[in-house]
Amino acid sequence: MSIVIDNMTKSFGGTSVLRGIDLTVQTGELVALLGPSGSGKTTLLKIIAGLEWPNSGGLRVNEQDWLGLAAQDRRIGFVFQHYALFPHMSVRDNIAFGLTVRPRAERPGKSVIAAKVEELLHFLQIAHLGDRYPAQLSGGQRQRVALGRALAIQPTVLLLDEPFGALDAAVRRDLRAWLRSVHQETGSTTIFVTHDQEEAFELADRVVVMGDGRIEQIGNADQIHDHPASPFVARFMGATIELPVTIRAGRVEALGLDASRLPRRALPDGPATLFLRPDDVTPVADASGRFQISRAASNGAILRLELTDGTLSLPVDLPRRAPEAQGLTSGTRVTLRPEAGAIFSGGRDAPAPRTVTEFPRKEQSL
Amino acid sequence: MSSVTALTHAPGQSRAVPRLLIGLAFFLTAIFVVAPMAFIFWRAMAEGWGAYVGNILDPLTLHATALTVLVAVIVVPINIAFGIAAAWAIARFRFPGRKLLVTMIEIPFSISPIIAGICYLLLYGRQGLLGPLLADANLKVMFALPGIVLVTMFVTAPFVAREVLPLMQAQGSEQEEAAVTLGARGWQIFSRVTLPNIRWALLYGAVLCTARAVGEFGGVSVVSGSIRGQTNTLPLQIELMFNDLNTTGAFAAASTLTVIALVVLVVKAALESRR
């Protein structure tokens, strides 16, 4: 059930929500749409479901044009963040709903539906809840029922909109593992929306990072972590340090910076910005260093430093027991040695480059 | 030193205050609601059971009762349909003039019914704007059933919509979207998802609408012409009899109207208890 999205745009009353989306999802793949709120990920999901229509672009599923197809005829399983269960129906009736609304000619017999529901209840590990009503269930149980209701119609595509967003951390972790196993057993093509990086990377075969209506990068956790395709992705992946630097012959140069650990880059000479995560940097004690430690705090495992050169202020994290951490206290002058980082040409406020590198899919690259 | 005391209420607060308030509520309800109603039945029976039955079965009163019920039977279903349609349109869609529509639906709440009656008279009456047109078509709206129904519809228009709308807005459209993705069509979505969700608000709105339709006086008195045995509804009949100094008859008719209202309330309570 491959899904091909082609140059799709969508705006709501003058506000562009999708600005040209191209994406192909392969049969049986589990893909995450990851991005901050307002990035257009939910709108994209709703367009695939047929709950919204794009302004332009194409949507083909298995070579069939889905934009000419009503939501009812697409056979998609859609799971909402807030479950959207029918409160006046028992769990059993909720799960059976999609089968009982079929036209008489296609509708399975009552006993067939009942058997199917029973099978799903067992498969989803909620067999004992069949006669309860949604109001009598916990959040995690409700989401299991919602997924059961979506799976009952044997969907061509399974779409989940922030499926664990309303649940607490322990239940989330639980359901994540459970959803992964459900996907493995059903093999259905699945797309889910999340703003939680951990969730996206742990669950998905491929992660699509979205920002401001565009796809910023597609890849797996390591690719996106180590090689962010744009300043947006770098920031979204936790690079809170942005240092203005100069590129000379592919080398990064800046005052008070020891860039010897950074590899050469094929970037033009000139100003650039170095994006660093707080744990990508090692401060090296140096009496003539540019930065001074203004604050040092430890949570036992991590030593958290606040560095300043008078104008810039940056956070640095390092393991407290690491040899590099010894002797670093408030007032120490240091030089920064980045161990890894992302570099983009142009100054801090220069527009982000719009080239997106698509990495090969996980199983091919590893 | 004091030992541990079980507290059933916050220290420093007397139980007298809540008791006083509860007592006051009962007292006022008794004076303002129960006593007048009891008085109606007491006066209606003042000349004995036989006279009471005779008064109720008086042909003119009976005709008024039948007309009142007929008007309610026509108006309430129309208003239920209108109320659901209006609430659904306002809750589910964004369109120009949406706020204006909400305000317009509420107009009958703020306008005196008698003004509505006069407007209809000026519009549909013989001297009215559409009068000649209606006369040519041989349609009699004023001083006839259509006029009474129109005015009653106007007066009761907001009841169902105002009950259902807040609920539909609070619930949002996710359940309906879920039904769509599961393959349900328009009527299936309405009957199996939308309607069950709003049924109690709908019932409550319908009860209020019925009570108002049955009891409407001001607007109807303008457009009905109060022709005895023809266009006299029960509230108008009560007033006529009262003016005729037929007090017992007036109270008997009033008791019928009260019974209709009580039956509606009992039906509502019975339905709600099955919730």
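**Two chains in a predicted model**

Ala249(A) sits in the loop that links strand S11 (241-248) to strand S12 (251-253) of chain A; helices (H or I, at least four residues) and strands (E, at least two) are DSSP runs, numbered from the N terminus. Everything here comes from a predicted model, where local features need pLDDT of at least 70, side-chain atom pairs count only at pLDDT 80 or more, and totals for chains, interfaces and linings use all residues. Residues are numbered from 1 along each chain as its sequence is written, while chains are lettered from A and ligands numbered from 1 in the order in which they are written.

With 7 C-beta neighbours inside 10 Å, Ala249(A) counts as exposed. The labels work like this: a residue is buried if 20 or more other C-beta atoms lie within 10 Å of its own, exposed if 12 or fewer, and partly exposed in between, with C-beta atoms placed from the backbone. Ala84(A) also has a positive phi, near 55 degrees, and is a residue other than glycine. This alanine belongs to the loop between S6 and H2 of chain A. Is Ala84(A) buried or exposed? Ala84(A) is buried, as 26 other C-beta atoms lie within 10 Å.

Zooming out, chain A has 9 helices and 19 strands. The C-alpha trace of chain A spans about 80 × 45 × 40 Å along its principal axes. Of the 366 residues in chain A, 40% are buried. Contacts (C-beta atoms, placed from the backbone, within 7 Å) can be sorted by how far apart the partners sit in sequence. Among those in chain A with a separation of 6 or more, 68% join residues 24 or more positions apart. An unreviewed UniProt entry annotates residues 3-237 of chain A as "domain: ABC transporter"; UniProt positions are given in the numbering used here, feature names are shortened, and annotations may be inferred rather than shown by experiment. In the model, residues 3-237 of chain A are 35% helix and 26% strand, and the end C-alpha atoms lie 27 Å apart.

From first C-alpha to last, the 13 residues of H4(A) reach 18 Å, close to the 18 Å expected at 1.5 Å a residue; the expected span is 1.5 Å times one less than the number of residues. H4(A) is mostly covered, with 10 of its 13 residues buried. Among the buried ones are Arg142(A), Val145(A), Leu147(A) and Leu151(A). What do the buried residues of H4(A) pack against? Their partners in chain A are strand S6 (76-79), helix H2 (91-100), helix H3 (110-123), strand S7 (157-161) and helix H5 (169-186).

Elsewhere in chain A, Val281(A) belongs to strand S14 (residues 281-285). Val281(A) is buried, with 25 other C-beta atoms within 10 Å. Leaving out residues up to four places away in sequence, Val281(A) touches Ile241(A), Leu276(A), Val316(A), Leu336(A) and Pro338(A).

Now for the meeting of the chains: 17 residues of chain A are in contact with 14 residues of chain B. On the side of chain A that touches chain B, the elements giving two or more residues are S6 and H2. That side has 11 nonpolar, 4 polar and 2 charged residues (Ala, Val, Leu, Ile, Met, Phe, Trp, Tyr, Cys and Pro count as nonpolar, Asp, Glu, Lys and Arg as charged, and the others, Gly among them, as polar).

In chain B, an unreviewed UniProt entry lists several stretches as "transmembrane region", including residues 100-123 and 201-227. Residues 100-123 of chain B are 92% helix and 0% strand, with 23 Å between the end C-alpha atoms. For residues 201-227 of chain B, the figures are 81% helix, 0% strand and 37 Å between the ends.

Helix H2 (residues 48-56) and helix H13 (residues 247-273) of chain B have axes that come within 9 Å and cross at roughly 70 degrees. Axes are lines fitted to C-alpha atoms, for helices over the stretch in contact, and angles run from 0 to 180 degrees between N-to-C directions. H2(B) and H13(B) are therefore roughly perpendicular (65 to 115 degrees; under 35 is roughly parallel, over 145 roughly antiparallel, the rest oblique). Ala51(B), Tyr52(B), Asn55(B) and Ile56(B) in H2(B) meet Thr248(B), Gly249(B), Ala252(B) and Thr256(B) in H13(B). The residues of this contact divide into 4 nonpolar, 4 polar and no charged.

Conventions. Two residues are in contact if their C-beta atoms, placed from the backbone, lie within 7 Å.
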